[in-house]
Number of protein chains: 2
Amino acid sequence: MVSNMGIKVPGFLANGISVGIKNSGEKDLSLIFSEVPARAAAVFTTNRFPAAPVILDMERMKTGLAQAIIANSGNANASTGKDGYKDAVAMSKAVAEGLRIREDLILVASTGIIGEKLPIKKIVGGITNLVGGLRVNGIPSAEKGIMTTDKIPKIECRKCFIGEKEITICGVAKGAGMIEPHMATMLSFIMTDVDIDQNCLDKVFKQAIDRSFNTITVDGCMSTNDTAIILANGIAGNRAITGPSKGMTNFRNTLFDVMVNLAKSVVKDGEGATKLVEVVIEGARSLAEAKKVAYSLANSNLVKTAFFGADSNWGRIIAAIGSSGVSLQTDSVELHFDRVPLFLHGRGIKGNEKELSKIMEKDNIQVSVKLGMGGKSFRLYTSDLSYDYVKINAQYHI
Amino acid sequence: MVSNMGIKVPGFLANGISVGIKNSGEKDLSLIFSEVPARAAAVFTTNRFPAAPVILDMERMKTGLAQAIIANSGNANASTGKDGYKDAVAMSKAVAEGLRIREDLILVASTGIIGEKLPIKKIVGGITNLVGGLRVNGIPSAEKGIMTTDKIPKIECRKCFIGEKEITICGVAKGAGMIEPHMATMLSFIMTDVDIDQNCLDKVFKQAIDRSFNTITVDGCMSTNDTAIILANGIAGNRAITGPSKGMTNFRNTLFDVMVNLAKSVVKDGEGATKLVEVVIEGARSLAEAKKVAYSLANSNLVKTAFFGADSNWGRIIAAIGSSGVSLQTDSVELHFDRVPLFLHGRGIKGNEKELSKIMEKDNIQVSVKLGMGGKSFRLYTSDLSYDYVKINAQYHI
């Protein structure tokens, strides 16, 4: 989060309030609103039990236009059957009435406990207040309304030039557990005033997802509710981006910057996480193999607990690499922590214990694996596995 | 472990001693010896970084004969390169000399920390004592010598009749972490006096592995050292088992009984485990799909922490099933805990909270998932994820 910069995007209003979905009394209902209908692109969970709002949004995204996102925390409205779908529609209907816009321009998102009926009366009852409080500088408030086990709000804003026009991109995200590939966040909403055509927006957003939320893992668990949406309302007045151009490059790089940093924030704030571990796999024969090795390593509980214990027990990493299902020449595999070699030519390296123990005490550690088989690489961010992960998740529901 | 029965197998001697590989002073070197060369079958880890003793044993198993197993704990002799292989050979050479048998009849196994050089002098120096202490009732002592983070010894003995001859099967196992599919134990040695031909032994042992160690998971991590060996010395004097017969059926069922119970002991003693969770998947289109769903559920940290917290947060199970990669009709999926329904027709069931909270307090819980798509099923045993798992594994190496 860049503190010395206004967290606002021309043409966007936002707000977050509490309507009592969370017992804690914290904010649990958020609204993001574009003053004009915006081009929209979205990516959703690939979980076979998508939550009701995900099903609804998938239908609505067919038009490529949206003007508002209503999101609640504290209840995922997942595994709630037909009633859950009706509740998602009811949420959007109440917002459409409150904003006096078409209902099919509303997207809905939910996050929280799975399998409980949504307290729809509380939500509908809060819409007037929610709409009434919409404001230019309401993005941080909207972010608060989508947080669950998050300890820190996740907001990233950047500006760049498209030709002579300055455009703004602000993104919010929530997510700390159930963080895995294939859309590795619970919710993220990106607002921008850029003018861009549908085809370019879809393409660049997909690329940005692959570079950001699809390269992080906390616990290897995939949510039923993962939703990332970008709204581009075009009011910056730039020459519309319609294909490869300097403007497209600027926009893409800035979007990557926003989303990669949001994704890293999610891992840093991973449930119980005390360390951010960057896993870099190089020398793979294919991207698919590089990813397999990266996830096998990053999701190993033994590797993650060793990082929590500041223990350079690299044998567990070797075991995790070896069990990824990718065939390897063991003698050609190299393992480094922050450029310090641990494993070369099929065996461990001695004499680096002092350096290693310093590295293991750091909050950010890079684990680099060279497979020595080809030219493909993949980078992944993960966290360690601590007592607090167990504490948070053993007592989440009760 | 059946206490009211002698833990011994005709023709087998065993022993376990301490030679100082473990700092704790506990037993760390074990020997199992058959008075005559035995038919042998073995299954090893499929990890791409197999430990040195695994590489050696794979070569030696080609003959199908073995007479002794030397095994150490405290050091895995894995990721130790060519020197590690030489050390494994040196272990077997010393045992061959001590026992005055051919070196190629010795199998070697190691378990413990990965990547440290084996203290081969300590091991070789202890062989005279180890051999000298071999005895008929030494199996429990040998079991102690292969334990690492295990809290309880794992020994199962059974007898059955093959024709008019009674035969004995005793198995030992160690393993509490790095327990996953594809040979889900660190080490298990099975001794029997049955007379059986090589082909039948290979076949029935493979079947038993699939029913036992290949149906358990603790942490989803696959070891570099997994080794399961059966030695059948034939001195029971039964009519040799050479194909399908009543004798074969008796032997197989008894072997399954021994190995399934050893496997369950491994999960019960899983690092930090407080509960044994039986996952039963039914109604899959294929065994592969049933397994995918079972492992996705059983290895979910969110599911495992919920069991630890005695929290019937079944939404996490639905999320885990939905992220297994198996395509599903969500409305046809059913979820039960100990026959109490939690999820039917695409939504949660209300009104069973009291029953559920009782079930969640139990040490043994059955999770049953009916996919409603076909006739294939799979059963898997797993444990919960507790503070102690993190504690044990954050501080294992240091």
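Helices, of at least four residues, and strands, of at least two, are DSSP runs numbered from the N terminus. The model described here is predicted. In those terms, chain A contains 11 helices and 15 strands.

**Overall form of chain A**
- The C-alpha trace of chain A spans about 70 × 55 × 40 Å along its principal axes.
- Buried residues account for 59% of the 398 residues in chain A.
- Of the contacts in chain A between residues at least 6 apart in sequence, 80% link residues at least 24 apart.

**The largest nonpolar core**
- The largest nonpolar core has 260 residues, and A:Leu31, B:Leu31 and B:Ala68 touch the most other members.
- Leaving aside residues up to four places away in sequence, B:Ala68 touches several residues, including B:Leu31, B:Ile32, B:Phe33, B:Val95 and B:Leu99.
- Also among the residues that B:Ala68 touches are B:Ile101, B:Leu105 and B:Ile106.

**Residues with a positive phi**
- A:Asp338 is not a glycine, yet its phi is positive, at about 45°.
- A:Asp338 lies in the loop of chain A between strand S11 (334-337) and strand S12 (340-344).
- A:Asp338 counts as partly exposed because it has 16 C-beta neighbours inside 10 Å.
- B:Ala310 is likewise not a glycine and has a positive phi of about 55°.
- In chain B, the loop between helix H8 (301-308) and helix H9 (315-322) holds B:Ala310.
- B:Ala310 has 20 other C-beta atoms within 10 Å and is therefore buried.

Note on methods: Residues numbered from 1 in each chain as written. Chains lettered and ligands numbered in written order. Predicted model: local features only at pLDDT ≥ 70, side-chain atom pairs only at ≥ 80, totals over all residues. Core = buried A, V, L, I, M, F, W, Y, C linked by C-beta atoms within 7 Å. Buried ≥ 20, exposed ≤ 12 C-beta atoms within 10 Å, placed from the backbone. Contact = placed C-beta atoms within 7 Å.
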